[in-house]
Each structure stands twice: as structure tokens, then as C-alpha cells.
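Visitor: I would like to learn how to read a few features here. Please take them one at a time.

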Amino acid sequence: MTQKGSPDDFLASAVEAAKQAGEIIRSGFYGAKQVENKGEFIGEETAAAGGNMELTNEPTWIVDPIDGTFNFVHGYPFVCVSIGLTIGKIATVGVVYNPIMDELFTAVRGKGAFLNGKPIRVSSQDELVKSLLAAEVIASHEKSIVDASTNQINSLLFKVRSLRMSGSCALDLCGIACGRLDLFYLVGFGGPWDVAAGAVIISEAGGLVFDPSGKDFDITAQRVAASNPLLKDAFVGALQQSE
């Protein structure tokens, strides 16, 4: 979906949409749920239905109306709405809203990142061995892929302080942005809707988003890593050694 306006206008629209979607999520979170497979901006539902996923130079919304679906089903509170906007194929606006914890992460390129209106920054941790790592194992994959993922995580556990798995890529990215987490990586996730908003929020919080190989981040690839600037080189080295 394309739209005209300033980045601040886009942000206001995204916040309003996220809060409206959040109300729907919150109203259903504590009640009985009827579970169906996901089926129809660039968004997860659109892509799943065979819709357009081409990223153009026009202002383009990239949306996941509910990231952490399995968490939602189980009543686990790491659930969010993720709304990103690219302009000229560059991630420019990001909004991630967790309606269960009432946490609203926002950022506009060049204007900083915020949690409920207060500025946030990545951590200042500079030692890998003291770092908190977030990662995910996507259990729906075939066994060989799951084995490779768990083996890599097992190797990394000997190089970091501890591991967390939240079940939400967007909230993991926001955890890096606000300094709750030091390191994050994920390979084989759904698509750009998982990372479009979080990438802006991390960058504006002083962090780095990159390919796990250390190369530049590609929003259309299913590979992402993030950290503060002090840890990137050590983290990339550890990821490469763990493959």
C-alpha cells in the first residue's frame, strides 16, 4: 500500500493503526480462541495469500498485524503489531506495539527511537561473554534445519552469558533497541514484515542491524542479526564459528 505525506504524518497514522489493532488483540487475548491457519501494504497475510511482495521506491507499508501468533494462542504476553514504512526502499518509520504490556516502540529515520514516548538506546555492553542473546528456533521447519539451528545456538551458549527466546522477532529487535538484550539473530523467518519496523527502531536507538554473515542487512532476505556497535565484530565472528 502506498501513501503520500511526511514521515511524521506516516508515524501518526502507523501509531493510530497499531493502537486500533492492539485493542482487537487485547480484547481477544484473555478469552477463548478459535484457531485457524493464517491466510490476506506488503504484509504477512498478503504474502501468504500469494499477494504482491515487490518492494518499490514508493512509500510502502510493511505490516504484520500480529507477530507472535503462537504466543497469542497460548496466552503468552509477547505479542505485537509491527508496522514499518519504506521510502525509496529505505526503512524510514517503525512502530511496534505490544498491547498486552502496553509498550509502544516508535522511530522515524533521523529522529531517534522511543518507548512510550521516552528515548531509548542500545546497551553499552562490550563483552560477548557478558551478553544476553536472543534467538529463535522455528520448529515448523524440517529436522535438518532445526538441528542446524539448535546446534548453532548450542555453540553460541558457550560464548555468551545467557539465552532468551520470546517467540516474536519484532519484540526481540525492540529488546535490542532499548538495551534489554545485547545480541539477536534469526535465519529463516517469514519475511520483511517481521523486521521492517524493528530495523528502524534499532538504528535510531544507536544499534546495528546486519546480515549474520556481517554483510549489509537486506530487508527482503530471511536473515537478520542485531547488536550494539561494540559487539558486532565479536558477534559476527562467533556466528561464523558456530555454523
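Visitor: Which backbone nitrogen lies 3.5 Å from a polar atom of the side chain of Ser 123?
Guide: The backbone nitrogen of Gln 125 does. The model is predicted, with residues numbered from 1 along each chain as its sequence is written, and side-chain values use heavy atoms, leaving out hydrogens and water. Local features need pLDDT of at least 70 and side-chain atom pairs count only at pLDDT 80 or more, while totals for chains, interfaces and linings use all residues.

Visitor: With which side chain does the side chain of Ser 123 make a polar contact?
Guide: A polar contact is a pair of N or O atoms within 3.5 Å; within protein, one must be able to donate a hydrogen and the other to accept it, and residues adjacent in sequence count only if both atoms are side-chain atoms. Here the partner is the side chain of Asn 228, at 3.0 Å.

Visitor: Is Ser 123 buried or exposed?
Guide: Buried means under 20% relative accessible area, exposed over 50%, and partly exposed in between, with a 1.4 Å probe and protein chains only. Ser 123 has 16%, so this residue counts as buried.

Visitor: Where in the chain is Ser 123 found?
Guide: Helices (H or I, at least four residues) and strands (E, at least two) are DSSP runs, numbered from the N terminus. Ser 123 sits in the loop between β7 (118-119) and β8 (132-135).

Visitor: Which way do the residues of β8 point?
Guide: In a regular strand, side chains alternate between the two faces of the sheet. From β8, Leu 132 and Ala 134 point one way, Leu 133 and Ala 135 the other, and all are buried.

Visitor: What is the order of strands in the open sheet?
Guide: Two strands pair if DSSP finds at least two bridges between them. The five strands run β9-β8-β10-β12-β11, with mixed pairing. β9 and β11 (208-210) each have a single partner strand, so one side of each has no neighbour in the sheet.

Visitor: In what sense do β8 and β9 pair?
Guide: β8 pairs with β9 (residues 162-164) in the parallel sense over three bridges, and Leu 132 has Ser 162 as its bridge partner there. β10 (residues 183-187) and β12 (residues 223-227) are antiparallel, with five bridges; Tyr 185 stands opposite Ala 225 in β12.
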